[in-house]
Amino acid sequence: PALTRQTASFVTLRKAGELRGCIGSAEAHRPLAQDVAVNAYKSAFHDPRFRPLDAREFGELAIEIALLSKPQPLNVTDETDLLDWLAPGVDGLILDDGQKRAIFLPAVWQTLTQPGDFVRHLKEKAGWRADHWSPSINARTFRTVKISGAD
């Protein structure tokens, strides 16, 4: 039954410990089994940061699936307020403002350990300047449950 519930997921592929693809859904909009299948395919063949996988790489991949909780809106007035709300190492973050949006999974805290760095890099990922802030920015946090071949 859990596979038929609408659940958002991200599928991350790693080769020799290095990122090789990562695509996902920020919001639940289809059954979990379908969401994982679609995101795994897109991670392997349609992540714009990487060339598509070829058959020789399949056996070298580590696969991680992150199941996302429902994003919770934060009522923040500025970046300092946002930083106060974040739980480093635990929270994922979605920022959107106008037509731009970006998401970081909680796993990103492994490389961006300081809340200020985490938020600034996420803003740059969205295409904003690192110091961007506006009254219309929308911030939402979420948590994940990870499933990997090592579990």
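I count two strands as paired if DSSP finds at least two bridges between them. Helices (H or I, at least four residues) and strands (E, at least two) are DSSP runs, which I number from the N terminus.

**Entry 1: ground rules.** This is a predicted model, where local features need pLDDT of at least 70 and side-chain atom pairs count only at pLDDT 80 or more, while totals for chains, interfaces and linings use all residues. Residues are numbered from 1 along each chain as its sequence is written, and side-chain values use heavy atoms, with hydrogens and water left out.

**Entry 2: sheet with S1.** I looked up the strand order and found an open sheet of 4 strands, S2-S1-S3-S8, with antiparallel pairing. Its edge strands are S2 (18–24) and S8 (144–148), each of which pairs on one side only. From one strand to the next the twist averages 20°. For angles I use axes, which are lines fitted to C-alpha atoms, for helices over the stretch in contact; angles run from 0 to 180 degrees between N-to-C directions.

I then checked S1 (residues 8–15), which pairs with S2 in the antiparallel sense over 6 bridges. Phenylalanine 10 has glycine 24 in S2 as its bridge partner. Helix H1 (residues 32–45) lies across S1, S2 and S3 (61–68), and runs at about 35° to S1. Contact here means heavy atoms within 4.5 Å.

**Entry 3: sheet with S5.** I noted another open sheet of 4 strands, in the order S4-S7-S5-S6, again with antiparallel pairing. S4 (72–74) and S6 (100–104) are at the edges with a single partner strand each, so one side of each has no neighbour in the sheet. On average, neighbouring strands of this sheet are turned by 20° against each other, direction ignored.

S5 (residues 92–97) pairs with S6 in the antiparallel sense over 5 bridges. The bridge partner of aspartate 97 is lysine 100 in S6. Helix H3 (residues 115–126) packs on the sheet and touches S5 and S6, its direction making about 135° with that of S6.

**Entry 4: largest pocket.** A pocket is an open set of points on a 1 Å grid over the protein atoms alone, where a 1.4 Å probe fits, with protein on both sides within 12 Å along at least five of seven lines; lining residues have an atom within 4 Å of a point. The largest one holds about 800 Å³ of space. Of its 25 lining residues, Leu19, Cys22, Arg49, Val108 and Lys125 are the closest to its centre. S1, S2, S3, S6, H3 and S8 each give two or more residues to this lining.

Key: Grid points are joined across faces, edges and corners, and a volume is the space filled by probe spheres set on the points.
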